[in-house]
Amino acid sequence: MSATKISELSWFHDFPPFFTLQPNLDTRRKQLDAWCSLILDYCRMKKVCTFDVNDASKFPPFFNAKINRQLDSNFIQVILEELRSRGNIEWEDKSKRRCLVLWKSPEEWAKTIYQWITAHGMNGTVCTFYELLHGDDTRSAEFHNIDPQLFRRVLGELEKRGQATVFADNGTEGVKFS
């Protein structure tokens, strides 16, 4: 994705009514669709995998200083619930304060990672989590620097498929790809 600013992801972000929950249900549906797309695009662009509701006022998509607009906490909850219903977030706690953001499903991530492993001739190779998440060889990979919790979950998906074996040795987590 080549966009670097929120305004490049969505023109709606500079439109003041975008920051007010619309009463008309048809308009609200379109508004929520636009918000979900913006948030997922932003999270993909910045590799944001977790979100803490306590930090919502600092989350760039939720405010626009240029037009002096910010989402209220009720609207943020509506958007997060919409994202949850679409399978794009999963709450990490019962109080619904912290969530995992899934701009790709774990199955899509598993496919992406396994395709990268195969394309780079790494089948049968043992790798540490660190070198896969933060190593020089993966710097251009979409999964570089993603959340370690999400990465573990994706590796679990690859294990279920028989495409990887995850292990720990002396405090170092690793994986062997089939």
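Helices and strands here are DSSP runs, numbered from the N terminus. Keep that numbering in mind for this tour of a predicted model.

**Whole protein**

Start with everything shown as a cartoon. Six helices and eight strands make up the protein. Along the principal axes, the C-alpha atoms fill a box of roughly 55 × 35 × 30 Å.

**Two domains**

Now colour by domain. Select 2–101 for domain 1 and 106–177 for domain 2. Their centres, taken over C-alpha atoms, are 29 Å apart. How many residues of each domain are in contact with the other? Seven residues of domain 1 meet nine of domain 2.

**Helices H2 and H3**

Select residues 25–46, helix H2, and residues 73–85, helix H3. Two packed helices are described by the angle between their axes and the distance between the axes. The axes of H2 and H3 come within 10 Å and cross at roughly 80 degrees. H2 is therefore roughly perpendicular to H3, as angles of 65 to 115 degrees count that way.

Show the side chains at the contact. From H2, pick Arg29, Gln31, Leu32, Trp35, Cys36, Ile39 and Leu40. From H3, pick Phe75, Val78, Ile79, Glu82 and Leu83. By class, this contact has nine nonpolar residues, one polar and two charged.

**The cavity**

Where is empty space left? Rolling a probe the size of a water molecule over the atoms shows it. A search of the whole structure turns up one cavity of 30 Å³ or more. The largest cavity has a volume of about 40 Å³.

Which residues line the largest cavity? Select Ile39, Cys43, Phe51, Phe59, Phe62, Leu80, Leu83, Ile89 and Val101. H2 and H3 each supply at least two residues of this lining. The lining has nine nonpolar residues, no polar and no charged.

**Helices H4 and H6**

Move on to residues 106–119, helix H4, and residues 148–160, helix H6. Their axes come within 9 Å and cross at roughly 80 degrees.

Display the contact. H4 brings Pro106, Glu107, Trp109, Ala110, Ile113 and Tyr114. H6 brings Leu150, Phe151, Arg153, Val154, Glu157 and Leu158. Colour these residues by class: nine are nonpolar, none polar and three charged.

Technical notes. Residues numbered from 1 in each chain as written. Predicted model: local features only at pLDDT ≥ 70, side-chain atom pairs only at ≥ 80, totals over all residues. Heavy atoms only, no water. Axes fitted to C-alpha atoms, helices over the stretch in contact; angles between N-to-C directions. Helix = DSSP H or I, 4+ residues; strand = E, 2+ residues; numbered from the N terminus. Parallel < 35°, antiparallel > 145°, perpendicular 65-115°, else oblique. Contact = heavy atoms within 4.5 Å. Nonpolar A, V, L, I, M, F, W, Y, C, P; charged D, E, K, R; others polar. 1 Å grid on protein atoms, 1.4 Å probe; cavity = no way out; pocket = protein on both sides within 12 Å on 5 of 7 lines; lining within 4 Å. Points joined across faces, edges and corners; volume = space filled by probe spheres on them. Domains from an automatic or database assignment.
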